[in-house]
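Please prepare a short report on the structure shown here.

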Amino acid sequence: MPSLNTTDHTLISDVDAYGLVDLSSDKLLATAGALRDQGHGEVVSYSKKVFIPLTQLCRDVCHYCTFAQTPRKMASPYLSIEQVLDIARQGAAANCKEALFTLGDKPELRYVAAREALDAMGYDSTISYLVAACKAVYEETGLIPHVNPGLLTREDLDRLRAVSVSQGIMLESASERLCEPGGAHYGSPDKHPAARLKTLKLAGEARVPFTSGILIGIGETRRERIDSLLALRRLHQQHGHIQEIIVQNFRPKAGTKMVNVEPPSLEEHVWTIAAARIIFGAQMNIQAPPNLQPGALKQLIDAGINDWGGVSPVTPDHVNPEAPWPHVAKLAEATREAGKMLAERLAIYPDYVRNMKEWVDPVFHTRLLQTVDGHGLAYADTWTAGSQEAPPSDTLFWNSTGAQGRAPIIKGELSTILQRAQAGATLDESQIVRLFRAHGSEYRAVCQAADELRAAVNGDVVSFVVNRNINYTNICGYRCQFCAFAKGRGSEDLRGKPYDLPLEEIQRRVLEAWERGATEVCMQGGIHPSYTGQTYMEICETVKQVVPEMHIHAFSPLEIWQGAQTLDMPLKEYLTRLKHSGLSTLPGTAAEILDDDIRSIICADKVTTEQWKEVVRTAHSVGLKSTSTIMFGHIEGYEHWARHLLHIRDLQAETGGITEFVPLPFIHMESPIYRKGRARRGPTFREAVLMHAVGRLALHPHVPNVQASWVKMGEVGVEACLNAGANDMGGTLMNETISRAAGASHGQEMTALRMEALLESMGRIPRQRSTLYTDVAPEIRQRAREDKPAIQPIVPMMRKHIKRAKDASLV
């Protein structure tokens, strides 16, 4: 009996693969299912597409095919560009994202009518016409082309790569025997295995994400199926380009030579899927079309598939017209009944989306970025951070009293990771990434595990601080690609006018905040070219002059680094001076993503990861505590989130100076990097909630508090986060300008009374806290609840600065 103890890193040997031939499917299912779960969790994906049959003429005569027609049976040899666009427009209106071009192989080599039609349209080949059709569809509708045109030369592959994100050719079978007289492929020159494998090899060399697979039940043996799968595996091991393996079952069709051939049994289909999963391992995408086994979807999932292929709400399956596509809602229900969750993808799979610079022509990069989540699946939400759109209902899993009900039963790798996290063990990068990949009941399990930790550490109390944001200037000489707040050489045509608050205006705002019950002013701003380290000390002293009791929570690590450099002063000395000037704590902002590969793109002139950590570490050493943040959902992936959390955990284990972890979902609307087409739309709602949950799990027991931003998440989003590990609502703010400049629309202030009412409606116990999580004096709490007129809109102001030396520059 072959060894089935395989992982994705140690694939089953060729010898053991052939040993599968004599095993029944029930001997393979457990291994195949475990491998699928290891690689894909609960997700079974599909692509929402339109099927565009550019031509049904073909020079081959496969004996099972009804797609191929003869010229006399067709109104025209080819669809016109306008006909193609009409199909694509219908797809775009139905929110499809893929345009699947399927066509016969080189019909102009067989039919005069095809050659004449191409000549009349001005094209020298079917491939040239396909290139034009793909270009027209993408430019007019935004649908992303995937093409299946048959055998291709390297030149063909390169031309099509420029107008499509992926291509494909079914190997069908590696058996030359099927090309002999009496075989299914006899008389079909393009079905010779060597020719098809050559196209697959050239596709790998051309770095084209490629689809392939096998057709079972056309006269091949089990051993020949293994031949085919191993041939595909060898090519993938050489080039890494095969994005999916389709295991398609033959269905006899009227009007074909194989109409009386018995189709393969469900047992054979299930056996072949399981064998494919075991041969290719955990990470490969294994697909079976749902319309060809409509009554056995659970069995296909149990056998190891993780993808249903393309499903169209607009067009039929022109290759199998007798088998209608299932409705997406019914497919989702059937997938759920099998214990999995349906998730939409694009024509190109997530691994290739995440590595698009290597695999995809740049013309598609913006479209892909702005259509996917952090993993590379389709961004299916209408919700975005900072917007008023409702989140998806399947991400809200508690009842009106806040109760979450019975936790889902999760086994295997994810269960082990959650147990380790709850015990306070350090998770590694891959384990944290696995948590971020949770969907469906796994998502719910991660959130509930985090919420159990929250309950154990913080109880049902949700804290908040009455504070005021004072962003003293929006003038900045840095070029952070995500920032819509800063004005300066990198600000472009963003919202608002430049301002630089005079010290007297800062004092006025501090006094106004104190009178409204604030215990903290949170002060940050752009890196003004005229600011020095002395400026930041003056700002602290200005605050203390009017309200000595006010807690000054101010200056990002970037501002601290810049201030120390302008004074040519060691960090420790400068931070000590700031503390003497009245600085109380630091916001852990400017962290963005603590990974220098990402920072080199989004904030190349900002402090590095190590410099950020050095500032925070030094601040803690002089008795200044700080928060920690992450700004996520733009260009980075789950692995970068994991690295960021591990940096925070390690730093906190070393210093103990971090008071809380604050996830800040990227708000895309006015962000320059998004407007230039170089970033995603922010995290999905699922990802945003998971950041709070995974943050709680990955940072336990070192960071005791996880904060949810009402400005970015909205009230419904905050409630989700409070049911997924968060225990703090941050500040009332009074003025919020940074998120608002980026397009957020959840307001600038949430009063203490409103905050308390919201939390009580969620079944939580509100607690007004200080910045350092201590209790607040009753008289101050009372001031925060007095009826005061709303703060009036602020008129931008400018202060004068002594000019710095000409050679002074931003550090």
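The report below describes a predicted model.

## Overall build

The protein chain contains 30 helices and 18 strands. Along the principal axes, its C-alpha atoms fill a box of roughly 95 × 55 × 45 Å. The radius of gyration is 30 Å; a compact globule of 811 residues would have a value near 28 Å, so the two agree.

Of the 811 residues, 62% count as buried. The accessible surface of the protein chain is about 30,100 Å², and carbon and sulfur atoms supply 52% of that area. Among contacts with a separation of 6 or more, 78% come from residues 24 or more positions apart.

## The six-stranded sheet

An open sheet is formed by six strands in the order β11-β12-β13-β14-β15-β16, with parallel pairing. Its edges are β11 (467-470) and β16 (658-665), each of which pairs on one side only. On average, and with direction ignored, neighbouring strands of this sheet are turned by 30° against each other.

Within the sheet, β12 (residues 520-523) and β13 (residues 551-554) are joined in the parallel sense over four bridges. Glu520 has His551 in β13 as its bridge partner. Helix α24 (residues 638-655) lies across β15 (625-632) and β16, and runs at about 175° to β15.

Strand β5 (residues 210-216) is mostly covered, with seven of its seven residues buried. In a regular strand, side chains alternate between the two faces of the sheet. In β5, Phe210, Ser212, Ile214 and Ile216 point one way, while Thr211, Gly213 and Leu215 point the other way, and all are buried.

Strand β4 (residues 166-168) pairs with β5 in the parallel sense over two bridges. Opposite Thr211 of β5 stands Gly168.

## Aromatic pairs

The structure holds 13 aromatic pairs. One of them joins Trp383 and Phe685 edge-to-face, with 5.0 Å centre to centre and 80° between the planes. Trp383 sits in the loop between α14 (365-369) and α15 (412-422), and Phe685 belongs to helix α26 (residues 685-699), so this pair ties together parts that are 302 residues apart in sequence. Both Trp383 and Phe685 are buried.

A further pair consists of Phe632 and Trp641: the ring centres are 5.4 Å apart and the planes lie at 80°, so this pair is edge-to-face. Phe632 counts as buried because its relative accessibility is 0%. Trp641 is also buried, with a relative accessible area of 0%. These two residues belong to one aromatic cluster together with Phe436 and Tyr638.

## A loop glycine

Gly459 is found in the loop between α17 (440-458) and β10 (461-465). Its relative accessibility is 24%, so Gly459 counts as partly exposed; the cut-off for buried is under 20%, and that for exposed is over 50%.

Which separation do the C-alpha atoms of Gly459 and Ile765 have? They are separated by 9.1 Å, although Gly459 and Ile765 are 306 residues apart along the chain.

How values were computed. Residues numbered from 1 in each chain as written. Predicted model: local features only at pLDDT ≥ 70, side-chain atom pairs only at ≥ 80, totals over all residues. Heavy atoms only, no water. Pairing = 2+ DSSP bridges. Axes fitted to C-alpha atoms, helices over the stretch in contact; angles between N-to-C directions. Contact = heavy atoms within 4.5 Å. Rg over C-alpha atoms; globule rule 2.2 N^0.38 Å. Buried < 20%, exposed > 50% of the residue type's maximum accessible area, 1.4 Å probe, protein only. Areas by Shrake-Rupley, 256 points an atom, 1.4 Å probe, with all protein chains shown as cover. Phe/Tyr/Trp six-rings, centres within 6.5 Å; stacked < 30°, edge-to-face > 60°.
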